[in-house]
Amino acid sequence: MGLSIAVTGVTGYVGGRLVPELLAAGHRVRAVARNPRRLEGRDWAQDVELVEADAQELDQIRAALTGVDVAYYLIHSLGSGRRFEARDWRTALTFAQAAREAGVGRIVYLGGLYPDGEDLSPHLESRKEVGEILLASGVPTTVLRAAVILGSGSASFEMMRYLTERLPAMTTPRWVDNRIQPIAIRDVLRYLVGSATMPPQVDRAFDIGGPEVLTYREMMQRYAAVAGLRRRVIVGVGVLTPRLSSLWVSLVTPVPGPLARPLVESLVHEVVCDEHDIARWVPDPPEGLMGFDDAVRLALAKIQDADVATRWSSASVPGAPSGPLPSDPDWAGGSLYRDERRTHVDAPAEVVWEVLQEVGGERGWYSWPLAWRVRGLLDRLSGGPGLRRGRRDPRRLLVDDAVDFWRVEAVVPGRMIRLRAEMRVPGLAWLELAVRPEPDGGSTLRQVATFHPHGLPGQLYWWTVAPFHGVVFGGMQRGMAAEAERRAPGREGSPGGPLPRPLTAAR
């Protein structure tokens, strides 16, 4: 029988992919999350023990770790603001104490690869410090140190991908010529799973990397070749500071500024493995570690097949609302604005449901594209995610999926989707899309925008944008209805044909 394993950070990019690998290896998994509801819809959710705990609360995380053999620490505050280092430090200290007091047999941590003897970027310094805290916990610990992770949905990979695809010619900082040893997500997961069964005397950090050392310039050119793009013109200049570079990256790629900046700052260092001792306990596969080109091909195939298990956007935007829901009784007596619209659709409910599930991303929002693009740009300029996060899967939504500057908060299959805004607004906002079958074979499409303002700025915001709701939300509803009618079996029609008349429009 396998080990009992607790995994934190299960709603993130690596944690969400690690859980099924641990299950496949025969281990029993306890998925630890502040809000286990965010794991609804995951293929593996029924095969694990879901435990609610905040890693910053000693009593909660100690209880969550009690009785487990191995605890994976996959938590970081990257992109959460200027004080993320202090938050990382406090959380790691709490977790280390909890693991020791709970009798955990081993801690496994995935950190960052960094050069010795240099003043590190805040991101890498924080990763280094967390590793040192866990190694000093008194619990045997494995620290894996990785540089750029190559995989569909990885923030580092997405940043490189979009820079290369969107800019056939670019001026870049001089760090594009620094050496990097990237590693495929497949090999990262193999090392993480293998670390669970290391003997108790192993208590150290390991450098992990792929078989090639490349510059960022070489990675972009190699990516272009694999993706079938023309060779890129890349000119390095010395005047682009990490701050300016991160602003440029956030405008060109889906990665928002608060996340792009620490990633860019870390690229000023050369990150190459000094040793490969991990192979003593987790041997290389017979075919060898995955090379850069193969990792890119695999990632692109996953993206094209809409088979991306997790993305960097799987983690919520720091500071974004997580509740309460609009239906909670605590809202009674407070200001809560609603824009509710209903439309009869001459299409079965199951067809309308397909359309609702495809909203956002490449499909768009079915109304006034320029307005949505401008709103997305303003959001990115203010530090929000904007529209470029897109979607993990173009045809199906799960709880906790990111959809542009929204996040899926609830899904009732065949009936309702509720999105929670993660854009920068002076308040809390939700958008609910629902469908109900009707006796005539058609259906009713219901759309509700809900806003709870914060102070006077929130009140002014609502009354400023309210006049545009008829164009934006009304157009969105008509567009979705028209698309559903076009898809309805046995009916002719197109999105450009006659549009249905809304039944109600209440504010």
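Here is a chat between two colleagues about the predicted model above.

Colleague: On to helix packing: what does the angle between α1 and α6 make α1 relative to α6?
Modeller: Helix α1 covers residues 13-24 and helix α6 covers residues 185-195, with their axes 10 Å apart. The two pack at an angle of about 60 degrees. Because of that angle, α1 is oblique to α6.

Colleague: And what classes of residue make up the contact of α1 with α6?
Modeller: On the α1 side you have Tyr-13, Val-14, Arg-17, Leu-18, Glu-21 and Leu-22, and they meet Ile-185, Leu-189, Leu-192 and Val-193 in α6. Arg and Glu count as charged. By class, that contact has eight nonpolar, no polar and two charged residues.

Colleague: What about α5 and α7: is α5 oblique or roughly perpendicular to α7?
Modeller: Helix α5 (residues 155-166) and helix α7 (residues 216-226) have axes 9 Å apart, at an angle of about 70 degrees. Angles of 65 to 115 degrees belong to one class. So α5 is roughly perpendicular to α7.

Colleague: Which residues of α7 does α5 meet?
Modeller: From α5, the contact takes in Ser-156, Phe-157, Met-159, Met-160, Arg-161, Leu-163, Thr-164 and Glu-165. The contact's residues divide into nine nonpolar, two polar and two charged. The partners in α7 are Tyr-216, Met-219, Met-220, Tyr-223 and Ala-224.

Colleague: Now α11 and α14: is their crossing left-handed or right-handed?
Modeller: Helix α11 (residues 349-357) packs on helix α14 (residues 469-487) at about 130 degrees, with axes 9 Å apart. That angle makes α11 oblique to α14. As for the hand of the crossing of α11 and α14, it's right-handed.

Colleague: How many charged residues are in the contact of α11 with α14?
Modeller: In α11, the residues involved are Val-351, Val-352, Glu-354, Val-355 and Leu-356. They meet Met-480, Glu-483, Ala-484 and Arg-487 in α14. Alongside six nonpolar and no polar residues, the charged ones number three.

Colleague: Last topic, the backbone: where is Tyr-366 found?
Modeller: Most residues other than glycine have a negative phi. Tyr-366 isn't a glycine, yet its phi is positive, about 65 degrees. Its place is the loop between α11 and α12 (369-381).

Colleague: And what is the phi of Asp-404?
Modeller: Asp-404 lies in the loop between β15 (402-403) and β16 (406-412). Its phi is a positive value in a residue other than glycine, near 55 degrees.

Key
Residues are numbered from 1 along each chain as its sequence is written. This is a predicted model: local features need pLDDT of at least 70, side-chain atom pairs count only at pLDDT 80 or more; totals for chains, interfaces and linings use all residues. Side-chain values use heavy atoms; hydrogens and water are left out. Axes are lines fitted to C-alpha atoms, for helices over the stretch in contact, and angles run from 0 to 180 degrees between N-to-C directions. Helices (H or I, at least four residues) and strands (E, at least two) are DSSP runs, numbered from the N terminus. Angles under 35 degrees count as roughly parallel, over 145 as roughly antiparallel, 65 to 115 as roughly perpendicular and the rest as oblique. Contact means heavy atoms within 4.5 Å. A crossing is left-handed if the near helix is turned anticlockwise from the far one by less than a right angle, and right-handed if clockwise.
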